[in-house]
Amino acid sequence: MPTKSPQSDPRTLLDALRAGAPLSDFPADAVRHARALAAEPASTPADVESLPEPLALAVLEGSVLAGQPALAEALAGSGNKALAKAARKALYRLRSRGVALSEPARPSEPPRPLLTGPEPLPALLTSIDGTGERVIEIARPLRGGGVEAVQFLYSDEHGVTRIQVTELNRGEYRRVVKQATHPGPDAAVEVPHAEALERLAAAVGLNVRTRTAFPQGLEAVLRHLGVQPRDVPLGIPPPEPEDERLANEAHKLHEEPEMRGWLPPLAELERLAFKVNELESSPLALTPAQRNEELIQATHVQAHAFFAAPEVRQLYAGRLWEMALHFERLGKEHPARVARAEARRLAHGPTEPPSRFAERLYEKALLVTMAERVAPSEREQAEAQARARAAQQSRSTSPESERRSPGGIILP
C-alpha cells in the first residue's frame, strides 16, 4: 500500500509551517502567506480559501487546536467541498471539547433542494457502558438502492474490537433506526453521518495507538467509507464555578437507566469480594449495623484509592463527558449538566471532597458482591428442602401406587 505524503496531513503540514521547514511542493508566495496565517489562528475565510487546499486545511487545523471556532464556522459553508467537509468535522471536534459555537444564521429564504440523490441515512450511536464500550452503526448506500449497515463495537481503551455487516433495503434500515431509538434504557440516538465517520476515525486511531489488532474485515470497510485513523486526544475544559455544587449530585447519575449497569473493573470487584470476605470472617464482635458501616467504609477507601490514579480519572472523565452528550440528545438536560461537571472535576481536579460518583460506583459493587454471597446459601437451603420433601414422599407412597408424568413429576 503506498504511504501517504506527510505534506498531505494537515497536522504535519501545520507543524512544518510553524517550524519554518521548506515546503517545495507549493508556490513560495502561498507558503509565506500560509505561514503568516498559521501564526495567527484567527484568520479570515477568504485568505484561507485562496491557499492551495493542503495549506488551507493546515491553517484550519491550527484554529481547531487553538480552540477558535470562527474559521471553521465560516468555512462550513465554503464552495470548496473539501474545505467545507473538513470544517464540519472541525466543528464536531470543537463541540466535543466543550467549545461554545455560535448559532448558524437563518437564511432569509429557504434554499432550493439539491437533486443530488437520496438524503444521507442517519447513523446510530448507543450510550457508553461501564467498561467504556459502545456501538456505532453506519449505513453506506449500495448500487441498486440497497444499504450496507455496518455495526462497530469499540471501546475507549482499545478502539474497534468487532464489526458486523448486514445488507438491507432503505425501508428496512429506517425500521431498524426507529426500533433502536425507541425510548428505553438501551435506546440509541441518531447522529449525523459526518460525526459518525469522525468517531470511527478516532476509534481506529486508538487501535493504532494501543496496537490493538483490527478485527477481520475492518480495513475493507474503512476503505469503502473513506475513513483513515486519527489520534484524537481527550479534550475536556477546566472546571466551572457551578461544578462543585453539581458534582455533589454525581451519585444520582447511577440512578439513570443508562448507567445503572456501570460497575468497577473485574479486578476491582475481585479485590472488593476478598475484602468483604475478610471483614465477614473477622473475630470482632460487631452488631449488624457496625458491620455494615465497616463494609461501606472499606468500600469507599477502595474507591478513593482506585480514582486517585490520574489515568483512571481521565478514563472516567471521558466516559462521563460522552454520557453528557448522550443525555443531551435524549433531552435529559440536568443529568447532562451533572455528568459534565463531574467529568471536568475528574479530569482537572480538585480531588477533595472525594467523588460521590466514584463512591456510589463502589457501593453498587458492594451490593452485587453481597448478593452473590447470599445466593449460594439460598440455593443450598432450597435444595435441602426439596430433598427432604422427596424423602418424605418416598416413605409415604409405595412405588406401585405412584403416577408420574413423562417428565418424572409425581401426579396426584
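A: A crossing of two helices is called right-handed if the near helix is turned clockwise from the far one by less than a right angle, and left-handed if it is turned anticlockwise. In this predicted model, helix H4 passes helix H6 in a right-handed crossing. The axes of H4 (residues 53-65) and H6 (residues 81-96) cross at roughly 15° and come within 10 Å of each other. Because angles under 35 degrees count as roughly parallel, H4 is roughly parallel to H6. On the H4 side the contact is made by Glu53, Ala56, Leu57, Leu60, Glu61, Val64 and Leu65, which meet Ala82, Leu83, Ala86, Ala87, Ala90, Arg93 and Leu94 of H6. By class, the residues in this contact of H4 with H6 are 11 nonpolar and three charged, with no polar residue.

The axes of helix H13 (residues 310-329) and helix H14 (residues 333-348) come within 8 Å, with a crossing angle of roughly 160°. H13 and H14 are therefore roughly antiparallel to each other, and H13 passes H14 in a left-handed crossing. From H13, the contact involves residues including Tyr316, Leu320, Trp321 and Phe327, while those of H14 include Pro335, Ala339, Arg340 and Leu346. The contact of H13 with H14 divides into 13 nonpolar, one polar and seven charged residues.

The account now turns to the sheet. Five strands form an open sheet in the order S4-S3-S2-S1-S5, with antiparallel pairing. S4 and strand S5 (189-191) each have a single partner strand and stand at the edges, so one side of each is left without a neighbour in the sheet. From one strand to the next, the twist averages 25°. Two bridges join strand S1 (residues 123-125) to S2 in the antiparallel sense, and Leu125 stands opposite Ile136 in S2. Two helices pack on this sheet. Helix H7 (residues 170-180) touches S1, S2, S3, S4 and S5, and its direction makes about 130° with that of S4. H8 also packs on the sheet, touching S1, S2, S3, S4 and S5, with its direction at about 125° to that of S2.

Within the sheet, strand S3 (residues 146-155) is largely enclosed by the rest of the structure, because nine of its 10 residues are buried. On one side, S3 pairs antiparallel with strand S2 (residues 133-141) over nine bridges, and Glu133 stands opposite Ser155 in S3. The hairpin of S2 and S3 has four residues between the strands, and Gly144 in this hairpin takes a positive phi near 95°. S3 also runs antiparallel to strand S4 (residues 159-169), to which 10 bridges join it. In that pairing, Gly146 stands opposite Asn169 in S4, and the hairpin formed by S3 and S4 has three residues between the strands.

Arg211 is located in the loop between helix H8 (193-210) and helix H9 (218-225). Its phi is near 60°, a positive value in a residue other than glycine. Most residues other than glycine have a negative phi. Arg211 counts as exposed because its relative accessibility is 78%, against a cut-off of over 50%.

Among contacts with a separation of 6 or more, 64% are between residues 24 or more positions apart.

Terms used: Residues numbered from 1 in each chain as written. Predicted model: local features only at pLDDT ≥ 70, side-chain atom pairs only at ≥ 80, totals over all residues. Heavy atoms only, no water. Axes fitted to C-alpha atoms, helices over the stretch in contact; angles between N-to-C directions. Parallel < 35°, antiparallel > 145°, perpendicular 65-115°, else oblique. Contact = heavy atoms within 4.5 Å. Nonpolar A, V, L, I, M, F, W, Y, C, P; charged D, E, K, R; others polar. Buried < 20%, exposed > 50% of the residue type's maximum accessible area, 1.4 Å probe, protein only. Pairing = 2+ DSSP bridges.
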